[in-house]
Amino acid sequence: MQSINWDQFLVPYQIAVDELKVKLKAVRKQFKSQNDHSPIEFVTGRVKPIGSILEKAKRKNIDKHELATDMQDIAGLRIMCQFVDDIVHVLDLLHRRTDFKIVEERNYITHQKDSGYRSYHVIIEYPVQTIHGEIPTLVEVQIRTLAMNFWATIEHSLNYKYDDDMPLEVQERLRRAAEAAFLLDAEMSQLRVEIQDAQQVFRDKEMNVKTD
Ligand code: 0O2
């Protein structure tokens with residue numbers, strides 16, 4: 001069986017990550033330029049390291065020659081939002097775009113994972129223009145709040161530390177931390193409503209002054 005030329009194989013994934021990062025950061029810039037709240041706080045992206053691709057392929061029994069179709073997160077983008085409602089807004093923006101196709105969605109916010117993980121995953125097919133023609137490339141976009149991201153980052157490091165054999169006590173603490181992150185998101189959403197209400201009161205007062 002022919003071995004994979006990794007440099008060549010990963011080229012479209014790197015191009016997809018680079019281009020989508022620029023495009024998603026441009027969305028933020030547009031909101032900022034019109035003095036609006038941006039549903040996107042920041043964006044990160046990465047191409048999965050070869051070691052992780054091979055480890056996941058083994059774990060999920062994916063044939064090395066079927067990676068392009070069977071492993072959806074070789075290219076990964078992460079969109080961080082301030083509020084849970086922003087995630088809905090970002091999803092709407094992604095659905096309205098014409099430069100890629102959404103092929104799958106996984107809602108780990110309403111269907112939180114047993115670990116406590118929350119995030120919204122969208123798998124897109126992005127047409128990468130290469131010197132050999134167009135290559136439709138799968139990209140996983142993870143959309144989450146800052147609180148969800150904080151939790152996932154810590155949990156990911158702990159999983160790495162314990163090599164996926166986390167003591168029950170640590171697992172329990174992480175579940176409590178996930179609950180705290182959930183409550184923080186709920187509290188922040190509530191505060192956002194308060195802020196918007198206060199702004200409306202302020203605008204109403206201004207209108208009254210002008211019409212008096
Ligand atoms: P990375 O790049 O190190 O983050 P699986 O990989 O088996 O969980 P699947 O079917 O590939 O599942 O897709 P899924 O669950 O939609 O997406 C996998 C990615 O979601 C993971 O990538 C993580 O980034 C994130 N994720 C999923 N579950 C958890 C979790 O319980 N905790 C944390 N911290 N992240 C999670 P990788 O492969 O771990 O790679």
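This is a dialogue on how labels for a predicted protein–ligand model follow from its computed values.

Student: How do you know how much confidence the predictor places in this predicted model?
Tutor: The mean pLDDT of the protein is 93, and 97% of its residues reach 70 or more. For the complex, the predictor gives an ipTM of 0.91 and a pTM of 0.91. Where pLDDT is low, predicted coordinates should not be read in detail.

Student: How many helices and strands does the protein have, and in what order do they run?
Tutor: There are six helices and five strands. From the N terminus on, the order is α-β-α-α-β-α-β-β-β-α-α. The C-alpha atoms fill a box of roughly 85 × 50 × 20 Å along the principal axes.

Student: Why is Ile124 called buried?
Tutor: Ile124 has 24 other C-beta atoms within 10 Å. The label buried requires 20 or more, so Ile124 is buried. Its place is in strand β4. Across the protein, 22% of the 212 residues count as buried.

Student: What makes Glu125 partly exposed?
Tutor: Glu125 also has its place in strand β4. The count for Glu125 is 15 other C-beta atoms within 10 Å. Exposed would need 12 or fewer and buried 20 or more, so Glu125 is partly exposed.

Student: What share of the contacts in the protein with a separation of 6 or more comes from residues 24 or more positions apart?
Tutor: Such residues account for 63% of those contacts.

Student: What makes a set of residues a nonpolar core, and which members of the largest core touch the most others?
Tutor: The members must be buried residues of the listed nonpolar types, joined through C-beta atoms within 7 Å. The largest core has 28 residues, and Ile79, Cys81, Val139 and Ile143 touch the most other members. The elements giving two or more residues to this core are α1 (6-33), β2 (75-81), α4 (84-96), β4 (120-130) and β5 (133-145). A second, separate core of six residues includes Met148, Ala152, Ala178 and Ala181.

Student: Which residues does Ile143 contact, leaving aside its neighbours within four places in sequence?
Tutor: The contacts of Ile143 are Ile79, Cys81, Ile87, Val90, Leu91, Ser119, Tyr120 and Val122.

Student: How do you know that the length of α5 agrees with that of a helix?
Tutor: At 1.5 Å a residue, the 16 residues of α5 should span 22 Å. The end C-alpha atoms of α5 are 23 Å apart, so the two values agree. The buried residues of α5 are Ala147, Met148, Asn149, Trp151 and Ala152.

Student: Which element gives the most to the shell around the ligand?
Tutor: Helix α5 (residues 146-161) gives the most, with three residues. The ligand is surrounded by Lys48, Lys56, Asp73, Gly76, Arg106, Lys113, Ser115, Tyr117, His121, Ala152, Glu155 and His156. By class, the shell has two nonpolar, four polar and six charged residues.

Student: Why are Asn35, Asn61 and Lys60 called exposed?
Tutor: Asn35 has 6, Asn61 has 7 and Lys60 has 9, so each is exposed. Asn35 has its place in the loop between α1 and β1 (42-47). Asn61 lies in the loop between α2 (50-59) and α3 (67-70), and Lys60 has its place in the loop between α2 and α3. The C-alpha atoms of Lys60 and Ala152, 92 residues apart along the chain, are separated by 21 Å.

Student: What makes the phi values of Asn35 and Asn61 worth noting?
Tutor: Most residues other than glycine have a negative phi. Phi of Asn35 is near 60 degrees, a positive value, and phi of Asn61 is near 60 degrees, also positive. Just after α5, Asp163 takes a positive phi of about 50 degrees.

Notes: Residues numbered from 1 in each chain as written. Predicted model: local features only at pLDDT ≥ 70, side-chain atom pairs only at ≥ 80, totals over all residues. Helix = DSSP H or I, 4+ residues; strand = E, 2+ residues; numbered from the N terminus. Contact = placed C-beta atoms within 7 Å. Near = placed C-beta within 6 Å. Nonpolar A, V, L, I, M, F, W, Y, C, P; charged D, E, K, R; others polar. pLDDT = per-residue confidence, 0-100. Expected span 1.5 Å × (residues − 1).
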